[in-house]
Amino acid sequence: MEYYFYLNDRNEQQGPISADQLASRGVTLNTKVWKQGMSQWQSVSEIPELVALFEQQQRGATPPPPPPAFDTVPPTPRPQPVPSKPDNLLVWSILTTVLCCLPLGIVAIVYSSKVDSLWTEGKYEEARKAAESAKIYCLVSLGLGIIGGIIGFLAGFLSAL
Amino acid sequence: MKKAIVLLVILCGLGIYFMIDPESVSFMPRCVFHWCTGLDCPACGTQRAMHQLLHGHLREAFAYNPFLLISLPYLGGLILCRWFNNKGWFDGLKRVCYHPVMVNIYLILLVAWWIGRNIWLHNG
């Protein structure tokens, strides 16, 4: 450990004291200090090892500063939160195709099959729209299937009369 | 809860198609496409086929709609992946069933069957 002399407020020589005690004696970055081997008195701020030491002691006393903001590098944009993948409704599309006996189900399957591939390409909005279309075609298919069921029922009922 | 509902719906459906032969009664749902156009849709015959299938008459079932040989296993796989895959047992199956190639093959076969049955099998 190096020993330093320093000049107090009244310009009186003090010391020698060890470097790590300087701060506790009221030495600031502007205080003139001297140690053996130096040609003249110098401010603490001119002696890199003391500046480093002061900074280290400051950090010890107070919480570390927040991570430095790099002024030269623009802050990287926060990645947009990835919305959750819409259900591709493939099951429903095929169910309505098979059970409701309707070709509209095929359209639904086409849209369903697009959902996942669009999603993996990162086209979230289009994937969502494809899922939406698949849903609409499923519902129309289902609705027509139910209407078909009712027609079938009525037709059978009337013919039985 | 959702799983229970799905199972219930499936069981009800199977029960109805086990007890009622759509061939002999007139009140079962009709295919709107067939009703409008006189043509068969890809799934026409499914109800009759299901009835036969539930009675163990495989040959009769697939005579009504041979495409069910493809549709039913695929649909079964999809349902397993969709509602019964909580523990990840069917992850492999899911990759296969939901693979774009698989879906496209199914679509192409479906459309081919739709056209084919109306050209060659319409009177059958």
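A crossing counts as left-handed if the near helix is turned anticlockwise from the far one by less than a right angle, and as right-handed if clockwise. This is a predicted model, where local features need pLDDT of at least 70, side-chain atom pairs count only at pLDDT 80 or more, and totals for chains, interfaces and linings use all residues. Residues are numbered from 1 along each chain as its sequence is written, with chains lettered from A and ligands numbered from 1 in the order in which they are written.

**View 1. Helix 2 of chain A crosses helix 5 of chain B in a left-handed way.** The axes (lines fitted to C-alpha atoms over the stretch in contact) come within 10 Å and cross at roughly 145°, with angles running from 0 to 180 degrees between N-to-C directions. Helices here are DSSP runs (H or I, at least four residues), numbered from the N terminus. Look for Ile94(A) and Leu95(A) among the chain A residues making the contact (C-beta atoms, placed from the backbone, within 7 Å), and Leu75(B) and Arg82(B) among those from chain B.

**View 2. Helix 3 of chain A meets helix 7 of chain B, again with a left-handed crossing.** Their axes come within 10 Å and cross at roughly 165°. That makes the two helices roughly antiparallel (over 145 degrees). Contact residues include Ile109(A) and Asp116(A) on one helix, and Asn104(B) and Leu107(B) on the other.

**View 3. The whole contact takes 27 residues from chain B and 29 residues from chain A.** Helix 7 of chain B gives the largest share of chain B's side, six residues.

Technical notes:
Contact = placed C-beta atoms within 7 Å. Parallel < 35°, antiparallel > 145°, perpendicular 65-115°, else oblique.
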